[in-house]
Protein chains: 2
Amino acid sequence: MNSQKVAIIVAGGSGSRMGSSLPKQFIEIGGMPILMHTLRLFRDFDPQMHLILVLPETQVDFWEKLCIQFDDFSRKFPHHIVLGGTTRFQSCQNGIQALPARAELVAIHDGVRPFVAQETLKKGFQMAAAKGSAVVAVSPKDSIRMLGEKDENHALNRSQIRLVQTPQIFQKEWLVQAYAQPESHLFTDDASVVEAAGFSISLVEGTYENIKITTPEDLLWANTFLKTLV
Amino acid sequence: MNSQKVAIIVAGGSGSRMGSSLPKQFIEIGGMPILMHTLRLFRDFDPQMHLILVLPETQVDFWEKLCIQFDDFSRKFPHHIVLGGTTRFQSCQNGIQALPARAELVAIHDGVRPFVAQETLKKGFQMAAAKGSAVVAVSPKDSIRMLGEKDENHALNRSQIRLVQTPQIFQKEWLVQAYAQPESHLFTDDASVVEAAGFSISLVEGTYENIKITTPEDLLWANTFLKTLV
């Protein structure tokens, strides 16, 4: 039998970097809010996927109205809404507390990354089942430098560097233990939280299309990319 | 008096990653080959800019025909053509050997990066004049991990990492000395060559729009982005 999979979709963003008053996860691309594309990805991958959506309290009413407006979205794609915290760490904690008892593998994913390839999800859940974690990452296209003391900086060996995306998939127990730690400013993603709890991180290769939509340029790219998929 | 500026534009690419037989630097965006946009950037910044274009020998005839076809491009934007080598390092060496005697500051730039902001060029040449080098770089948007021994990998502090672009601007003498070194597989850009020769690298903040056009998705983005500039 397949292990029970859960996706925690974290949608905490405002519209500030987008120059918009509408939080970016609600902006439409291809005729549908970004967040709906993202939720649909996971359900398309596994019709049994349990979806948890973490939303700021102030956005819940708006989202529920959007769902009705978009062809009764939450009836076709049922999802459990959890209120976000004041930081991403707290939002993830809230999502993890809402995990169903039978959950085994849990993907945490940015609400504004609507272009995960189905193949990435397949490889990711397989790796997480085998190794306990699977964090999606790509190789950098650019040379990489590291800042040092004062004005100094030096080249890093690019072939050893990976740029981390989401989803980041973990055994439920690893996540529960990791998010019991106190919050730290060094936690920039879930992998860094899980690593700090002493677990090892396995990487799975992603695709460059899996962008996080945060700027007007990203939105432009997203709309253009969607047209190529039709 | 302003110091004499030179731009060495390195255009060695084939069309392979683009799924095209036309080398990517010749693909049209906004009605003009990418490479012409790139050359024009530097001349727009400084009408006295000396332009050196490094091209594979097999592409020179094609380029010269393109120039005639595009409104006699090389008459309006005169540039000196230098033959490329079998590696980027050798192509840069050939460009450096062709530097005019009075050159003081030399920008090396990818032929397929047509979106450098004029402000970036301004800040870059100013910094290179003051410090000897100015390498354009941006902060990563993603978390960063570094591969270690065997399967191990660990988080790096993202705030200390920079993703390097071009142009990379140097005092002429630094480049001449740096490119007298034997080639190494650790040289992934000009900054790594200059650093290996014992000079210090100064970084100047770039923009995310300054992409290197290498994939069909990049090309799509470039076309869409150009439309927003009109």
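So, how many residues does the contact take from chain A and from chain B? It's 37 from chain A and 38 from chain B, where contact means heavy atoms within 4.5 Å.

Quick housekeeping. This is a predicted model, so local features need pLDDT of at least 70 and side-chain atom pairs count only at pLDDT 80 or more, while totals for chains, interfaces and linings use all residues. Residues are numbered from 1 along each chain as its sequence is written, chains are lettered from A and ligands numbered from 1 in the order written, and side-chain values use heavy atoms, leaving out hydrogens and water.

Okay, area. A:S143, A:R145 and A:L147 supply 18% of what chain A buries against chain B, more than any other three residues.

Now charges. The interface has 8 salt bridges, meaning a side-chain nitrogen of Lys or Arg within 4 Å of a carboxyl oxygen of Asp or Glu. B:R113 and A:D142 form a salt bridge, at 3.4 Å from N to O.

Last bit: strands, which are DSSP runs of E, at least two residues, numbered from the N terminus. β8(A) runs antiparallel to β10 of chain B (residues 161-171), joined by 4 bridges; strands pair if DSSP finds at least two bridges between them. And A:R145 turns up again here: its bridge partner in β10(B) is B:R162.

Note on methods. Buried area = accessible area lost by both parts, 1.4 Å probe.
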